[in-house]
Amino acid sequence: MNTADIAFPHLGIYLGNVGKSISVFGFSVAFYGIIIACGMIGGILLARWQAKRTGQDPNVYSDFALWGIIFALIGARLYYVIFSWDIYKNDLLQIFNIRGGGLAIYGGVIAAVITAIVYCRIKKYNFLLFADTAIVGLIFGQMVGRWGNFTNREAFGQYTDSLFAMRLKTSQVNMSTVTDDMIANSVKNGQETYIQVHPTFLYESVWNLAVLICMLVYTKHKKTDGEIFLIYIIGYGLGRVWIEGLRTDQLQIGSTGIAVSQVLSGALVIAGIVAWVILRKRSKKVVV
């Protein structure tokens with residue numbers, strides 16, 4: 001068997017020497033951070049392009065980006081800490097150790113949306129139009145950012161032998177996310193043991209790409225402001241419901257065994273559909 005760090009054996013892809021960081025002037029810089037930064041920059045550029053495309057001032061979105069990113073990172077960390085409290089309750093200083101890992105996308109999204117609402121109120125912008133424009137940048141950042149999970153060998157799913165199965169060295173993963181089923185189906189090569197899992201980071205990245213394409217295509221056909229934002233709420237929620245169910249590192253509601261992001265996703269899908277119906281009804285009344 002090939003001794004690659006990360007492999008997709010059924011696709012014939014074997015990747016050797018996949019590092020988790022690089023050294024810059026003696027400092028270790030994680031690929032995870034670099035990838036997220038690239039996603040943020042790309043997201044800002046895409047939001048600016050969307051603004052130009054819809055006749056808006058793109059600088060509005062560049063100005064918002066700094067505040068949006070800062071509060072999104074804070075929200076992502078708080079969400080993770082709240083639902084992983086047992087890890088931090090005896091060492092509160094670790095809450096500030098972001099380098100140790102622990103960001104949750106939904107926390108970032110919630111914080112970014114709240115920040116956008118406040119920003120639009122202060123600047124007297126139409127929030128729904130703003131959200132329709134900024135949201136394409138957000139999902140682009142999520143799509144790219146998921147590849148940070150790839151370099152970190154994290155956020156993977158249960159054991160699978162499907163076409164897209166991903167093979168990882170157990171020495172390079174967090175063993176608390178490795179299940180008995182993975183161990184039972186692991187393979188050895190010399191001194192190294194490999195697990196084979198669902199590459200949920202890949203599933204979500206591809207799903208986000210599909211949602212992004214739908215959003216961009218539908219922009220010219222929308223009936224009222226807010227519909228592109230709701231495509232995100234519904235589309236991303238639908239994908240996250242099933243993808244979250246595959247993962248072994250779920251943030252759960254207390255000791256219930258229920259994945260909080262799965263519940264939140266389902267609730268957002270329902271809320272998004274209801275909101276879309278209400279928006280459409282209101283737009284028809286305005287036209288009449």
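1. Helix 8 (residues 200-218) and helix 9 (residues 227-246) cross at roughly 165 degrees, and their axes come within 10 Å. The structure is a predicted model, and the points below should be read accordingly. With angles over 145 degrees counted as roughly antiparallel, helix 8 and helix 9 are therefore roughly antiparallel to each other. Their crossing is right-handed.

2. On the helix 8 side, this contact is made by Thr-200, Tyr-203, Glu-204, Trp-207, Asn-208, Val-211, Met-215 and Tyr-218. Helix 9 contributes residues including Glu-227, Ile-228, Ile-231, Tyr-232, Gly-235, Tyr-236 and Arg-240, with Trp-242, Ile-243 and Leu-246 also among them. Classified by residue type, the contact of helix 8 with helix 9 comprises 13 nonpolar, 4 polar and 3 charged residues.

3. Helix 9 also packs against helix 5 (residues 127-145), at an angle of about 30 degrees and with the axes 7 Å apart. From helix 5, Ala-131, Asp-132, Ile-135, Val-136, Leu-138, Ile-139 and Gln-142 take part, and they meet Glu-227, Ile-228, Phe-229, Tyr-232 and Tyr-236 of helix 9. The class counts for this contact are 9 nonpolar, 1 polar and 2 charged residues.

4. A further partner of helix 5 is helix 1 (residues 31-53): the two pack at an angle of about 155 degrees, with their axes 7 Å apart. Helix 1 and helix 5 are therefore roughly antiparallel to each other, and their crossing is right-handed.

5. In that pairing, helix 1 presents Ile-35, Ile-36, Gly-39, Gly-42, Gly-43, Leu-46, Ala-47, Gln-50 and Ala-51. The contact of helix 1 with helix 5 divides into 9 nonpolar, 8 polar and 1 charged residues.

6. Helix 4 (105-123), helix 9 and helix 10 (260-287) are the elements that give two or more residues to the lining.

7. Which element provides the largest share of the lining of the second largest pocket? Helix 10 does, with 8 residues. By class, the lining has 16 nonpolar, 3 polar and 1 charged residues.

Conventions
Residues are numbered from 1 along each chain as its sequence is written. This is a predicted model: local features need pLDDT of at least 70, side-chain atom pairs count only at pLDDT 80 or more; totals for chains, interfaces and linings use all residues. Side-chain values use heavy atoms; hydrogens and water are left out. Axes are lines fitted to C-alpha atoms, for helices over the stretch in contact, and angles run from 0 to 180 degrees between N-to-C directions. Helices (H or I, at least four residues) and strands (E, at least two) are DSSP runs, numbered from the N terminus. Angles under 35 degrees count as roughly parallel, over 145 as roughly antiparallel, 65 to 115 as roughly perpendicular and the rest as oblique. A crossing is left-handed if the near helix is turned anticlockwise from the far one by less than a right angle, and right-handed if clockwise. Contact means heavy atoms within 4.5 Å. Ala, Val, Leu, Ile, Met, Phe, Trp, Tyr, Cys and Pro count as nonpolar, Asp, Glu, Lys and Arg as charged, and the others, Gly among them, as polar.
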